[in-house]
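Please examine the model shown below, which is predicted.

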Amino acid sequence: MHQTQPLSFDGVLAGLKAAGEETRLRILALLAHSELTVKDLTAILGQSQPRISRHLKLLVEAGLVGRNPEGAWVFYRLSDEDSVGQLAQHLLGLVDDADPLPARDRERLTMVKRHQAAAAEEYFAANAADWDTIRALHVADDAVEKAVLEAVGSRPFESLLDLGTGTGRMLELLAPLYNRGVGVDTSTDMLAVARAKLGRAGIGHAQIRLGDIRNLPFARDTYDLVTIHQVLHFLDDPERAIAEAARVLRPGGRLLVVDFARHDLEFLRVEHAHRRLGIGGRAMAKWVAGAELDLVDERELSGSGDETRLTVSLWLARDRRVAMADRDSAGSLEVA
């Protein structure tokens, strides 16, 4: 865990001034539960769009709130910056959850989320046939997820980045282990599905962002674990995604990749936009080494006795810059 840097006197003062107004404090309380748009906040708080926008502008300028553009929308969230975000969390921790005003706001938030979930489910149902076709070709999802949990281990960690998050399943599966999670995807429709699923599961410590996994909007050395689940076969240049994942890993951080092993089902390329017919172990080893990661676990999952099913491969790699303190305390490199 990294230590939070203290705020300057002016930074604390700016944060307190920004939060010290009724509507802005209500906005902060709502953003502690979910990423929201101006439209969402207008519906919940019953105030005009220009007024909500002005309040958000002040909160963003003070660093208490971050903004994520996503197509025609902008999603707002509590700040990712540890020090300022901690100030916001501390202020909200002083508010009684049973207070009638924030309690009513949360009720309206629940109603807004229900409408969003209904829209997301409609999209999911319309596209479920494609996903079901692929799912029927490989080992059961629960077996794959069991292998993922075994590879990651049970030790809690600070931050997770899920690349090509899709429906947000990795964020949901690993939610008990991380303190802060982010899912990135290029599809706004899939992001809507992921938001709805995470909201329904009560996972408030994960957020969703629109972005290209080959050009991530994150600084170097940011995440403890990066996952890439069933994504690389859609890419012309998967090695670039691996390199970007390695760039944002903290020293000693881990990269978990799950994808199909090499196969010859050409219809997946023609009908389901697969650019690659699976990922070979030799190619993965080359990409991982080129990104200055060490491959520490590799396994294959296939249907028992069923040669018609695709094999799912799992690779776990670790950043080579392992902290000396970890080596001293563990005596050796721990994989999980």
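Q: What makes the span of helix 9 close to the expected one?
A: Helix 9 (residues 188-200) has 13 residues, and 18 Å separates its first C-alpha from its last. The expected span is 1.5 Å times one less than the number of residues, which for helix 9 is given as 18 Å, so the two values are close.

Q: Which residues of helix 9 are called buried, and what cut-off does the term need?
A: They are Met-190, Leu-191, Val-193, Ala-194, Arg-195, Ala-196 and Leu-198. Each is called buried because its relative accessible area is under 20%. After helix 9 comes Gly-202, with a positive phi near 70°.

Q: Why is helix 10 described as largely enclosed?
A: Of the 11 residues of helix 10 (residues 238-248), 8 are buried, so the rest of the structure largely encloses this helix. Among the buried residues are Pro-238, Ile-242, Glu-244 and Arg-247. The cover over the buried residues includes strand 3 (157-163), strand 7 (249-260) and helix 12 (281-290).

Q: How many cavities of 30 Å³ or more does the search find?
A: The search of the whole structure finds 1. The largest cavity has a volume of about 40 Å³, and helix 2 (22-31) and helix 6 (100-135) each give two or more residues to its lining.

Q: What makes residues in the lining of the largest cavity count as charged, and how many are there?
A: Arg-26, Asp-105 and Arg-106 belong to the lining, and they count as charged because Asp and Arg are in that class. By class, the lining has 3 charged, 3 nonpolar and 1 polar residues.

How values were computed
Residues are numbered from 1 along each chain as its sequence is written. This is a predicted model: local features need pLDDT of at least 70, side-chain atom pairs count only at pLDDT 80 or more; totals for chains, interfaces and linings use all residues. Side-chain values use heavy atoms; hydrogens and water are left out. Buried means under 20% relative accessible area, exposed over 50%, partly exposed in between (1.4 Å probe, protein chains only). Helices (H or I, at least four residues) and strands (E, at least two) are DSSP runs, numbered from the N terminus. Contact means heavy atoms within 4.5 Å. On a 1 Å grid over the protein atoms alone, a cavity is a set of points where a 1.4 Å probe fits but cannot get out, and a pocket is an open set with protein on both sides within 12 Å along at least five of seven lines; lining residues have an atom within 4 Å of a point. Grid points are joined across faces, edges and corners, and a volume is the space filled by probe spheres set on the points.
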